[in-house]
Amino acid sequence: MSRQERFDRGMETLSRVDGEAGQRVIDALGDISPEMAHQIVAWGFGEIYSRPALPPRDRQLVTLGILTSLGGCEAQLEVHINAALNVGLTPEEIVEALLHSAGYCGFPRALNATFVAKKVFGERGLLPVRQE
């Protein structure tokens with residue numbers, strides 16, 4: 001597969017999963033590192049994210065857990081919480097995944113991620129979130 005074909009496949013996947021938020025990230029890299037933008041699209045989405053073994057909702061759960069555990073990834077969490085909603089995860093499932101992460105990466109990081117989710121849910125009219 002050519003460089004352009006990988007990029008095109010990646011753009012299709014990026015658009016389907018991240019929508020406008022993903023495109024804004026790619027656009028923001030245009031004047032500083034267009035190659036990083038290309039690699040995110042071609043490799044990250046064209047080669048990795050588009051693999052069939054995990055459905056998009058599962059990939060987003062993994063991504064939310066990793067970004068939460070890393071800490072300091074609030075901007076990326078915002079993109080991926082939106083993506084998680086786009087691929088079918090419910091606000092309740094997202095909040096539960098972030099709560100679950102507290103036991104593995106600590107409350108401060110889980111709280112930071114939860115507040116990013118609150119921001120995204122508020123912007124999308126999904127508050128309050130009901131939990132058991």
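Buried, in this talk, means under 20% relative accessible area, exposed means over 50%, and partly exposed is in between, with a 1.4 Å probe and protein chains only. By that rule cysteine 73 is buried, because its relative accessible area is 13%.

Before going on, the ground rules. The model is predicted, so local features need pLDDT of at least 70 and side-chain atom pairs count only at pLDDT 80 or more, while totals for chains, interfaces and linings use all residues. Residues are numbered from 1 along each chain as its sequence is written, and side-chain values use heavy atoms, with hydrogens and water left out.

Now the cysteines. A disulfide is a covalent bond between the sulfur atoms of two cysteines. Here it is counted as a pair of cysteine sulfur atoms within 2.5 Å. How many disulfides does that rule give? The count is zero. Cysteine 73 is in no disulfide, and the nearest cysteine sulfur, that of cysteine 105, is 11 Å away. Seen from the other end, cysteine 105 has its closest cysteine sulfur in cysteine 73, and 11 Å is too far for a bond.

Next, the helices. Helices are DSSP runs of H or I with at least four residues, strands are runs of E with at least two, and both are numbered from the N terminus.

I start with α1, which covers residues 3–28. Threonine 13 lies in this helix. Is threonine 13 buried or exposed? At 3% relative accessibility, threonine 13 counts as buried. Contact, from here on, means heavy atoms within 4.5 Å. Leaving aside neighbours within four places in sequence, threonine 13 is in contact with Phe45, Tyr49 and Ser50.

Arginine 6 is also in α1, but it is partly exposed, with a relative accessible area of 27%. Not counting residues up to four places away in sequence, arginine 6 touches Met1, Val41, Ala42, Gly46 and Glu47. Its C-alpha atom is separated by 35 Å from that of phenylalanine 115, which is 109 residues apart from it along the chain.

Alanine 21 counts as buried at 10% relative accessibility. Alanine 21 and alanine 83 are 62 residues apart in sequence, and their C-alpha atoms are 8.5 Å apart in space.

On to α2, residues 34–49. Which of its residues are buried? They are Ala37, His38, Val41, Ala42, Phe45, Gly46 and Tyr49. These buried residues pack against α1 and against α3, which runs over 56–70.

Axes are lines fitted to C-alpha atoms, for helices over the stretch in contact, and angles run from 0 to 180 degrees between N-to-C directions. Angles under 35 degrees count as roughly parallel, over 145 as roughly antiparallel, 65 to 115 as roughly perpendicular, and the rest as oblique. A crossing is left-handed if the near helix is turned anticlockwise from the far one by less than a right angle, and right-handed if clockwise. For residue classes, Ala, Val, Leu, Ile, Met, Phe, Trp, Tyr, Cys and Pro count as nonpolar, Asp, Glu, Lys and Arg as charged, and the others, Gly among them, as polar.

Helix α4 is residues 74–86, and it packs with α3 at an angle of about 160°, with the axes 10 Å apart. That makes α3 roughly antiparallel to α4. The crossing is left-handed. Gln60, Thr63, Leu64, Leu67 and Thr68 of α3 make the contact with Gln76, Leu77, His80, Ile81, Ala83 and Ala84 of α4. By class, those residues are six nonpolar, five polar and no charged.

The second pair is α5, residues 91–105, and α6, residues 107–123. They pack at about 165°, with axes 7 Å apart. So α5 is roughly antiparallel to α6. This crossing is right-handed. The contact divides into 11 nonpolar, two polar and one charged.

The crossing is right-handed. Thr68, Ser69 and Leu70 in α3 meet Arg109, Ala110 and Ala113 in α6.

Last, the segment after α6, where proline 128 lies. The peptide bond from leucine 127 to proline 128 is cis, with omega near -5°.
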